[in-house]
Amino acid sequence: MSFKEKMKLVFSGVWSFISPFVKIFVGSAGQILAGVALDVVKQIAADPSLVGSGNLDKRQAAFEKIKGELAARGLEASTSVINAAIEAAVQKLKEEE
């Protein structure tokens, strides 16, 4: 994405929609959450016991695992933030395919 495209995004209506998520993920806790979410989503995608499961089951498994990993690190995140991290991780994995 070029600088010009980034500036268009910042000044568009889209920015007002995504800026709260950007603010969350820019902080150190957000970066930890993003890393944990990506690792967990990769694990869930490769888990043979969840191969036949629906996306809702996989999302719930990822949510619980992320929540537990954050708690182990002394961090908390709201349900909506964890769900946003899961969705971002899924999109990143799809992009890498």
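Tutor: For a helix, the expected span is 1.5 Å times one less than its number of residues. This is a predicted model, in which local features need pLDDT of at least 70 and side-chain atom pairs count only at pLDDT 80 or more, while totals for chains, interfaces and linings use all residues. Residues are numbered from 1 along each chain as its sequence is written, and side-chain values use heavy atoms, with hydrogens and water left out.

The protein has 5 helices and 0 strands, in the order α-α-α-α-α along the sequence. Of its 97 residues, 22% are buried, where buried means under 20% relative accessible area, exposed over 50%, and partly exposed in between (1.4 Å probe, protein chains only).

The part I would pick is the largest nonpolar core. Such a core is a set of buried Ala, Val, Leu, Ile, Met, Phe, Trp, Tyr and Cys residues joined through side-chain atoms within 4.5 Å. Here it has 18 residues, and L33, V40, I66, I82 and I86 have the most contacts inside it. Helix 3 (28–46), helix 4 (55–72) and helix 5 (79–96) each give two or more residues to this core, and the largest share, 7 residues, comes from helix 3. In soluble globular proteins, nonpolar side chains tend to be buried together.

Take helix 3 next. Its 19 residues reach 27 Å from first C-alpha to last, close to the 27 Å expected at 1.5 Å a residue. The buried residues of helix 3 are G30, L33, V36, A37, L38, V40, V41 and I44. An α-helix has 3.6 residues a turn, so residues three or four places apart point the same way. Within helix 3, V36 counts as buried because its relative accessible area is 4%. Beyond its neighbours within four places in sequence, V36 is in contact (heavy atoms within 4.5 Å) with I66, E69 and R73. V36 and L70 sit 34 residues apart in sequence but 8.0 Å apart in space, C-alpha to C-alpha.

Now for helix 5, whose 18 residues reach 26 Å between the first and last C-alpha, close to the 26 Å expected at 1.5 Å a residue. Its buried residues are V81, I82, A84, A85, I86, A89 and L93. A85 counts as buried because its relative accessible area is 3%, and its C-alpha lies 8.9 Å from that of G30, 55 residues away in sequence. Q91, also placed in helix 5, is partly exposed because its relative accessibility is 39%; 9.9 Å separates its C-alpha from that of L38, 53 residues apart along the chain. With neighbours within four places left aside, I86 is in contact with A37, V41, R59, A62, F63 and I66.

That brings us to helix 4 against helix 5. Their axes come within 10 Å and cross at roughly 115 degrees, the axes being lines fitted to C-alpha atoms, for helices over the stretch in contact, with angles from 0 to 180 degrees between N-to-C directions. The contact is made by R59, A62, F63, I66, K67 and L70 of helix 4 and T79, I82, N83, I86 and E87 of helix 5. By class, this contact has 6 nonpolar, 2 polar and 3 charged residues (Ala, Val, Leu, Ile, Met, Phe, Trp, Tyr, Cys and Pro count as nonpolar, Asp, Glu, Lys and Arg as charged, and the others, Gly among them, as polar).

Technical notes: Helices (H or I, at least four residues) and strands (E, at least two) are DSSP runs, numbered from the N terminus.
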